[in-house]
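Subject: Handover of a structure and notes on it

Dear colleague,

I am passing on the structure below, together with some notes on what was found in it. Please read the notes with the structure open beside them.

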Amino acid sequence: MANQLSRRDFLQKTGISLAAANLLAGLPSLGWTAQAAPKKRLVFIFSPNGVIPDHFWPKTLGSEYDLQRILKPLEPFKSQTMTIKGVGNLIRGDGDGHMRGMGCLLTGIELFPGDVQGGSDTPAGWAMGISVDQFLKNQLQANADTQTRFGSLEFGVMVPDRADTWTRWSYAGPNQPIAPIDDPYQMFDKMYGQAKNRAMLASVLDDLSDDFKKVEKLISVEDRQLLDTHVQMVRKVELELQAELVQQRKSEANAEDERAELDHAIPVLPPNVREDNDNIPQITKMQIELMVNGFVHDMNRIASLQITNSVGQPKMKWLGIEEGHHGLSHEPDSNEDAYEKLIKINTWYCEQVAHLAQRLAETPEPGGNGSMLDNTTIVWTNELGKGNSHTHENIPFVLVGGGLGFKMGQAIDFKKVPHNRLLMNICEAMGYPQKTFGNPDYCKEGGLTGLT
């Protein structure tokens with residue numbers, strides 16, 4: 001509380017704006033973070049429809065593990081990566097495989113009965129409990145030393161506007177799904193409060209220049225350099241947002257003709273999906289840039305990035321693939337063409353994880369030692385182990401970065417354990433150990449061993 005009052009007094013005396021304060025708060029020479037413990041950050045990344053196991057899981061376990069084709073983009077971060085096989089989403093009950101895979105992934109608990117019908121299974125509603133990202137957000141926000149402006153930020157890429165169990169994986173509590181923000185302009189507006197009109201995006205930095213001048217003499221040379229880096233990052237985001245707007249306008253003319261091609265049986269994609277489809281790579285990079293920027297300014301220490309949704313059906317034309325992802329994932333392994341395309345799709349998702357890791361690795365830890373990746377862990381996962389079998393065994397869990405303090409640089413196979421136990425490990429590593437998480441029936445043996 002003393003740090004908060006001290007900061008408030010400083011802002012009142014200098015008269016700088018709240019927007020400027022978000023950029024200045026992490027500068028060590030202002031003294032606000034001098035007594036703070038090293039930050040721990042956590043990012044959950046979702047990609048849908050399962051993986052191709054033979055080209056995903058390492059063939060060799062331990063520290064001498066090998067990266068198969070899908071995980072090759074993580075080669076530069078092999079010593080900071082951990083693959084965790086043998087972890088299953090064992091939650092049963094209402095809902096089809098995709099619904100339970102998505103809704104129970106971060107919650108570890110059953111879905112409520114509901115009227116959303118999926119596949120040949122029973123209908124279902126929302127999850128019965130809070131998700132691990134929101135639980136940890138609440139714990140961090142309850143402590144003045146770890147409290148941030150937002151606590152968590154939920155990013156999305158081409159997530160449908162409709163609200164159903166296939167499109168939500170983050171929950172504030174029972175029956176309380178959280179919609180990710182998949183519009184970078186809207187996320188930018190939330191974070192900086194300046195982008196009021198997509199077509200007339202103005203620079204937030206121009207309005208902040210006077211504020212920066214007020215504190216120039218109060219901060220060290222090193223902090224001035226760090227502040228310059230922050231400024232450049234925000235400027236880069238703005239330029240990318242403007243470029244995306246131009247690209248979107250070019251694609252709008254052809255959008256209506258191709259929207260119908262994206263439909264799939266369960267559920268039907270909304271009509272606005274097509275205008276974003278070809279821009280998925282660019283929007284993903286923009287969201288990652290915003291996420292890193294938020295971490296640099298300590299706006300939040302928990303984040304999630306949901307790339308499309310369960311039964312997501314993007315056409316990855318930038319990979320030379322015209323078919324929808326979900327449709328391809330149902331093809332048998334004997335379909336060599338579909339098999340190869342699914343490997344390419346999952347490799348592309350891994351490239352996005354690697355890109356985030358790279359951005360964090362090349363960004364110095366504000367007010368600390370090493371890089372931001374040293375204090376951040378990325379958890380990349382999926383609602384299914386394999387698409388055409390809809391299995392919940394061997395759910396992909398790939399961790400990158402040192403934020404949780406796990407023993408990275410290894411491949412582990414737990415054979416067959418509930419994923420609830422891994423969620424317990426994550427809570428403990430963040431400083432908030434729990435005797436159970438989600439359904440307590442799957443937590444009796446405690447957290448997993450061998451991660452630290």
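This is a predicted model: local features need pLDDT of at least 70, side-chain atom pairs count only at pLDDT 80 or more; totals for chains, interfaces and linings use all residues.

Overall picture

The chain has 452 residues, of which 58% are buried, and its secondary structure comes to 13 helices and nine strands.

Salt bridges

The count of salt bridges is 13, and I describe some of them here. One of them joins Glu-289 to Arg-359, with an N to O distance of 2.7 Å. This pair links distant parts of the chain, since Glu-289 sits in helix α10 (residues 280-296) and Arg-359 in helix α12 (residues 336-361), 70 residues apart. Glu-289 counts as buried because its relative accessibility is 3%, under the 20% cut-off, and Arg-359, at 9%, counts as buried as well. The two residues also belong to a network of salt bridges in which Glu-289, Arg-359 and Glu-362 are linked.

A second salt bridge is formed by Asp-164 and Arg-162, whose closest N and O atoms are 2.4 Å apart. Asp-164 is buried, with a relative accessibility of 6%, and Arg-162 is buried too, with a relative accessible area of 18%.

The salt bridge between the side chains of Asp-413 and Lys-415, at 3.8 Å from N to O, has another setting. Here Asp-413 counts as partly exposed, at 22% relative accessibility, whereas Lys-415 counts as exposed, at 63%.

Packing of α5 and α10

Helix α10, which carries Glu-289, is also packed with helix α5 (residues 184-192), and the axes of these two helices come within 10 Å and cross at roughly 10°. As this angle is under 35 degrees, α5 and α10 are therefore roughly parallel to each other. On the side of α5, the contact is made by Pro-184, Met-187, Phe-188, Met-191 and Tyr-192, while α10 contributes Ile-283, Met-286, Gln-287, Leu-290, Asn-293 and Gly-294. Sorted by class, the residues of this contact are eight nonpolar and three polar, with no charged residue among them.

Backbone angles

Which residues have a positive phi although they are not glycine? Asp-298 is one of them, with a phi of about 55°, and Lys-415 is another, with a phi of about 70°. Asp-298 lies in the loop between α10 and β6 (300-307) and counts as buried, at 17% relative accessibility. Lys-415, by contrast, has its place in strand β9 (residues 410-418) and counts as exposed, at 63% relative accessibility; Lys-415 is also the residue that meets Asp-413 in the salt bridge described above.

Technical notes: Residues are numbered from 1 along each chain as its sequence is written. Side-chain values use heavy atoms; hydrogens and water are left out. A salt bridge is a side-chain nitrogen of Lys or Arg within 4 Å of a carboxyl oxygen of Asp or Glu. Buried means under 20% relative accessible area, exposed over 50%, partly exposed in between (1.4 Å probe, protein chains only). Helices (H or I, at least four residues) and strands (E, at least two) are DSSP runs, numbered from the N terminus. Axes are lines fitted to C-alpha atoms, for helices over the stretch in contact, and angles run from 0 to 180 degrees between N-to-C directions. Angles under 35 degrees count as roughly parallel, over 145 as roughly antiparallel, 65 to 115 as roughly perpendicular and the rest as oblique. Contact means heavy atoms within 4.5 Å. Ala, Val, Leu, Ile, Met, Phe, Trp, Tyr, Cys and Pro count as nonpolar, Asp, Glu, Lys and Arg as charged, and the others, Gly among them, as polar.
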